[in-house]
Amino acid sequence: MRGNEFLDKMELIDPAYVEAADAKPNRKKYSWIKWGAVAACFAVMVLAGTRLLLQDESGLNSDLPMLSISENTSAMGYEGYMAYDISELVNANPWNEDSKISTLPVYQNSLTYDANFIASGADFDKMQAFILDVAGRLGLDTNSLLITDNAPDRESQQKIIEKFQSVGCPVPDGYFAPTKLIIEADGVEIEVDQTMTAKVSFDPPISLPEKYNFTHHAAYDDKVAVADYLKSEYCELIGLDDPQVNIYGGDYNIYNQQSYSIEFFDAGESDVEQIINYNFNRVAFYCDDNGELFIARIYQPNLSKKLGDYPIISSEQAKELLLNGNYITTVPYAISGAEFIKKVELIYRTGKYEEYYMPYYCFYVELPEEERENGLKTYGAYYVPAVESSYISNMPTWDGSFNY
């Protein structure tokens, strides 16, 4: 599972809206008659060689910026998954412990947030192009569509201003700025937000053929059948060259009901590309309480700010850091011992408040404090940065608190 899946399930409310309710270089010709030029070239070569030696000794690539681990404290509760055995928690993560990957890209989040959780850096031109692309995938006439936004009208703004004034606070700068673009047409509503996530709402919801069981707690095989149907029926909306099915989940709720979710991601042309697509470029489908299709989400985040390809450590090295306390988690328990580490996978943490989109090893650790009388266990998620620690300015150390 990815770090953002827990947040998706929690349906977090943005704190900012709680009160308002929502080229190649040219080759040079050298004259071998001019010995001064030869000497200069030799000096440059010596200097370059010295720099390479210094780079090798430090172990750092000076072209890669240092990274910092940001604390995301927006989650409610803690990230835990209930199952009778760790094998029940499944997904289609293309990474495995035999993967021969030595570097992975790191991206800087194009959005930054102030103390009031108001974002800067959104590209509304890209958002508009994206929402029109999604509309076109749905067969809508993009030349006749009206695009609106979610900025409050003057009457609503005045009410909000008065509410802030009643508690002696000014309205934060940018509070009334739009954060979404919206299209409504032919029984669908499309929203694209600043994170470049498109939400397609079907009204009325769409019933699948009777033979498909698309309910919240449908069995794994039922979800596989539904995914095959959706892949065929909504291939244009999915819009991927080689869509791969990701049936993920398998965890239980407090009523002992097991659930799975359906997503698609592009296979890509390399292992690294597949990992990136699995974590970032996804299409998800959701059912309502009646087992009908009512929402699809298309994730297409802005990854234009690539910082570089960073060396990554092995899962075994990450395990050593985990046992040393170098991790971030929302779980309120220390790890009881190495024997309770049951599973590891490489993921990107893609929450909207992350400063950097960087790879982590996610360890699923059995929590003996939470085991139920019926044998149902809880596995907590603990994250260790996969980037070599020499590139991280503030390697995390768990202090007993909810530290992300």
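**Strand pairing and its setting**

Tutor: Strand β2 (residues 103-108) pairs with β13 in the antiparallel sense, and 5 bridges hold the pairing; two strands count as paired if DSSP finds at least two bridges between them. The model is predicted, so that local features need a pLDDT of at least 70 and side-chain atom pairs count only at pLDDT 80 or more, while totals for chains, interfaces and linings use all residues. Residues are numbered from 1 along each chain as its sequence is written, and side-chain values use heavy atoms, with hydrogens and water left out.

Within this pairing, Val-106 has Gly-308 of β13 as its bridge partner. The two strands belong to an open sheet of 3 strands in the order β13-β2-β16, with antiparallel pairing. The edges are taken by β13 (306-311) and β16 (356-357), each of which has a single partner strand, so one side of each has no neighbour in the sheet. The protein as a whole has 8 helices and 18 strands, which are DSSP runs numbered from the N terminus (H or I over at least four residues for helices, E over at least two for strands).

Strand β9 (residues 243-252) and strand β10 (residues 258-266) run antiparallel and are joined by 8 bridges, with Tyr-248 standing opposite Ser-261 in β10. The hairpin of β9 and β10 has 5 residues between its strands, and Asn-256, in the loop between them, has a positive phi of about 65° although it is not a glycine. With a relative accessible area of 37%, Asn-256 is partly exposed, where buried means under 20%, exposed over 50% and partly exposed in between (1.4 Å probe, protein chains only). Strand β10 also pairs in the antiparallel sense with strand β11 (residues 282-287), over 4 bridges, and there Phe-264 has Val-283 of β11 as its bridge partner.

A charged pair accompanies the pairing of β10 and β11. Arg-282 forms a salt bridge with Glu-263, their closest N and O atoms being 2.6 Å apart; the term means a side-chain nitrogen of Lys or Arg within 4 Å of a carboxyl oxygen of Asp or Glu. Because Arg-282 lies in strand β11 and Glu-263 in strand β10, the pair ties together parts that are 19 residues apart in sequence. Arg-282 is buried at a relative accessible area of 3%, and Glu-263 counts as buried at 2%.

The structure holds 7 salt bridges, and two others can be set beside this one. The side chains of Glu-191 and Lys-180 meet at 3.4 Å, N to O, and since Glu-191 lies in strand β7 (residues 188-193) and Lys-180 in strand β6 (residues 180-185), this pair ties together parts that are 11 residues apart in sequence. Glu-191 counts as buried at 15% relative accessibility, whereas Lys-180 counts as partly exposed at 24%. The salt bridge of Glu-155 and Lys-159 (3.7 Å, N to O) has its residues 4 apart in helix α4 (residues 154-166), separated by about one helical turn, and both residues are exposed.

Leaving out residues up to four places away in sequence, Leu-230 touches Cys-235, Ile-238, Ile-262, Phe-264, Phe-285 and Leu-293, where contact means heavy atoms within 4.5 Å. Of the cysteines, Cys-235 counts as partly exposed at 43% relative accessibility, and Cys-287 counts as buried at 8%.

Two backbone details lie elsewhere. The peptide bond from Asp-203 to Pro-204 is cis, with omega near 5°, and Pro-204 is placed in strand β8 (residues 197-206). Phe-117, in the loop between β3 (112-113) and β4 (119-120), has a positive phi of about 60° although it is not a glycine, and counts as partly exposed at 31% relative accessibility.
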